[in-house]
Amino acid sequence: MAFRFELLLLVSLVSLNSINSVDSNDGATLLEIKKSLRDVDNVLYDWTNSPSSDYCVWRGVTCDNVTFNVIALNLSGLNLEGEISPAIGSLNSLVSIDFKENSLSGQIPDEIGACSSLKSLDLSFNEIRGDVPFSISKLKQLENLILKNNQLIGPIPSTLSQIPNLKILDLAQNNLSGEIPRLIYWNEVLQYLDVRNNSLTGSIPENIGNCTAFQVLDLSYNQLTGEIPFNIGFLQVATLSLQGNKLSGHIPSVIGLMQALAVLDLSCNMLTGPVPPVLGNLTYTEKLYLHGNKLTGLIPPELGNMTKLHYLELNDNHLSGHIPPELGKLSDLFDLNVANNNLEGPIPNNISSCKNLNSLNVHGNKLSGTIPSAFQSLESMTYLNLSSNNLQGPIPIELSRIGNLDTLDISNNNISGSIPSSLGDLEHLLKLNLSRNHITGFIPAEFGNLRSVMDIDLSNNQLSGLIPGELSQLQNMISLRLENNRLSGEVTSLVNCLSLSLLNVSYNNLVGIVPTSNNFSRFSPDSFIGNPALCGYWLNSPCNGSHAPVRVTLPKAAILGIALAALVILLMILLAACRPHNPAPFPDGSFDKPVNYSPPKLVILHMNMALHVYDDIMRMTENLSEKYMIGYGASSTVYKCVLKNCKPVAIKKLYSHYPQYLKEFETELETVGSIKHRNLVSLQGYSLSPFGNLLIYDYMENGSLWDLLHVKVYMSLRVLPHVGPLVDLHGHELMRRRMGQCQILSKTANDAVMETVDPDIIATCKDMGAVKKVFQLALLCTKRQPADRPTMHEVSRVLGSLVPSITPTQVLLPDSQPSATKVQCYKDEYANLKTPHLVNFPTMSTSDAQLFLKFGELK
């Protein structure tokens, strides 16, 4: 009995020593692997050689519960650099390796073939170069091989067909070349083959039908040639993607028997012949892409039987005949594109039965008839392109009832009549193109309601009347084309379209002077030619009246000299016009020069704004739409924006055409960003934009300072930067009393405003003149008209002159103590963002006395 116990103990000790030996080997191997990696973010900090360190609990390491061998290594998405160490072959118990989504380079080591237990290898989304090693073929247990989105070159190893259990082979987005090994097509286990976006050549073999287990076959965007083999119809795949190759011949009718197809993409090849009517049998297919080929014949009415179809794209072929009305049965259809074919006849009315239709594109055909008024029932429609056809008749008023429309293009048809004013109700419209028609009448003033629109093209029609002043409300409009019409009046109504970068009003009957302010200085002379009564330094016509011409006979030499002199003068005028008006403040650029703006950057100063970018702010406010506006001033407008975390903020947009807007922006950024006070809202972020800089503050719901002063509201005030600053000096609230209309404004009128000052201040303050001036300044900030209020820069300058310099013995109050570090951080970030042509505004020289005189001194 004792002998059996000793034997059992000996076996246990031997087993334990064996396990410890294995532990030591795998731990050392992991450390060797770490040596070849660059741990940028120090995420592998626990991979250490400490005696107390247990590698089975290291990040990304999984061990067997019995043997303690490493069986899984997951280092995905850790921003690792460097190469994969050949030492990885020593982890021969590995079942899974996942290194995806890093920045690994180098080659796949041949030693990886020694991981004989490996079932899954994922090295995707890295920068790995070199060939696919043949040693991978030794991994007989391998089921998933995912190497996509790298820089692999060379052929696909034919020996991959020797991996008996391989189910997923994903080599997409590399630089692989050569033919796809034929033996792979004999694999009866492979379910997923994706080799898209490589440079593979050759043809698709007939024996592809042997891959009976295929569920996804994606050979797209290679250089495959030849015809689509007939035997491909034996596959029961859910996705067949062959687009972006050089395949030719007809579409095999046998594809109509592939009942499991959800996606069929044969686009962007050189396929010819008709669209097989038998495709109508694919009742489970959701996406059918046949565009970009050379298909001919009719659109089969049988396609109307594909009841699950969401996307039907037949554009850019040579199809003829009519659009079959049977397509109206596709109730789930989301996108219908038949553009750039030879289709004729009217647009079927029953297309309006496709209630889920989001996009309809029939551009570039020979369609006739009128625009169906039944389109009004397509409430989900966002994109409607009927351009370049032979459509006639008026624009149906019913189009204005497609409330979600963001693109409406009816250009280059034979449309007549006037523009329905109700098109101004399309509040989500981004692009409107009615050009090259026979439209008459006026430009509707209701277009001023298209607050989101960015592009309007009404050119080459017969429009008359004035350019509506309401267009000046379109602050998101980038392009406006009105050339070749019969418009009259002036162009000054467009001077406030600050985002406008392309304007063409040439060849009309416009009169007056071409403005030079705002964006107009950037428009080329071609934008205004063809208007004889329009003048300005853009054009050759003077603006100070014309004189009767005098007939003078001059020698040819004199004429030539005058012409040369005129040319020199014209060049000097153009140089003078293009030269900055204030060259000293702009040493590195000018507003008069075209500027290539990078996308605006949103600087986050508060965690409340985390995970937000500039485009988020624009989207949530519909490009700072007027319906989000909560206030405005002489130099800015304030909008309310609800963030992703459902918390509101106030966005202050400074007008870019305001003369001192940048100085105002810098002053407010420095002043508000440097002070934390209970009566001053905090700055949460800011952004530089060519269309107006943004300052983002806490949102307060207590209304404006004007409302509190002119209505009997009894509540404590918290100052908002967008209604004017009210500064707390000496730690006391100057306007702490309950202030109604009679108590403050009447005393102002009766020259007794100092009676409302807190008695504590009167008792403790040595300089009542400074208190009176602060009170006067605060009241100036409450003036009704924005133009009558001083700017933040002017307010801060006056207050700065009143505050005594801090001596070493003086102590700031805790709730108003500035943070020098934070100020510097804000200013440094701002200095990194602004461009050279937006700096060095001259310092304002207006004195305090002049400021009070300018806005009307209150006693």
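N484 is partly exposed, at 33% relative accessibility, where partly exposed denotes the range between buried (under 20% relative accessible area) and exposed (over 50%), with a 1.4 Å probe and protein chains only. The model is predicted: local features need pLDDT of at least 70 and side-chain atom pairs pLDDT 80 or more, while totals for chains, interfaces and linings use all residues. Residues are numbered from 1 along each chain as its sequence is written, and side-chain values use heavy atoms, leaving out hydrogens and water.

**Positive phi values**
- N484 has a phi near 60°, positive in a residue other than glycine, and lies in the loop between β36 (479-481) and β37 (486-489); strands are DSSP runs of E with at least two residues, numbered from the N terminus.
- R436 has a positive phi near 55° and is likewise a residue other than glycine.
- The loop between β32 (431-433) and β33 holds R436, which is partly exposed with a relative accessible area of 49%.
- Most residues other than glycine have a negative phi.

**Negative surface patch**
- D425, E427, E446 and E470 form a negative surface patch, in which like charges are joined within 9 Å and each residue has over 30% relative accessible area and no salt bridge (a Lys or Arg side-chain nitrogen within 4 Å of an Asp or Glu carboxyl oxygen).
- E446 is located in the loop between β33 (438-440) and β34 (455-457) and is partly exposed at 34% relative accessibility.

**Surroundings of D41**
- D41 occupies the loop between β1 (37-39) and β2 (61-63) and is partly exposed at 46% relative accessibility.
- Beyond its neighbours within four places in sequence, D41 contacts L78 and N79, contact meaning heavy atoms within 4.5 Å.

Methods. Patch = residues over 30% accessible without salt bridge, like charges linked within 9 Å, V, L, I, M, F, W, Y side chains within 5 Å. Areas by Shrake-Rupley, 256 points an atom, 1.4 Å probe, with all protein chains shown as cover. Lys, Arg positive; Asp, Glu negative; His and termini not counted. Charge placed at Lys NZ, Arg CZ, Asp CG, Glu CD. Helix = DSSP H or I, 4+ residues; strand = E, 2+ residues; numbered from the N terminus.
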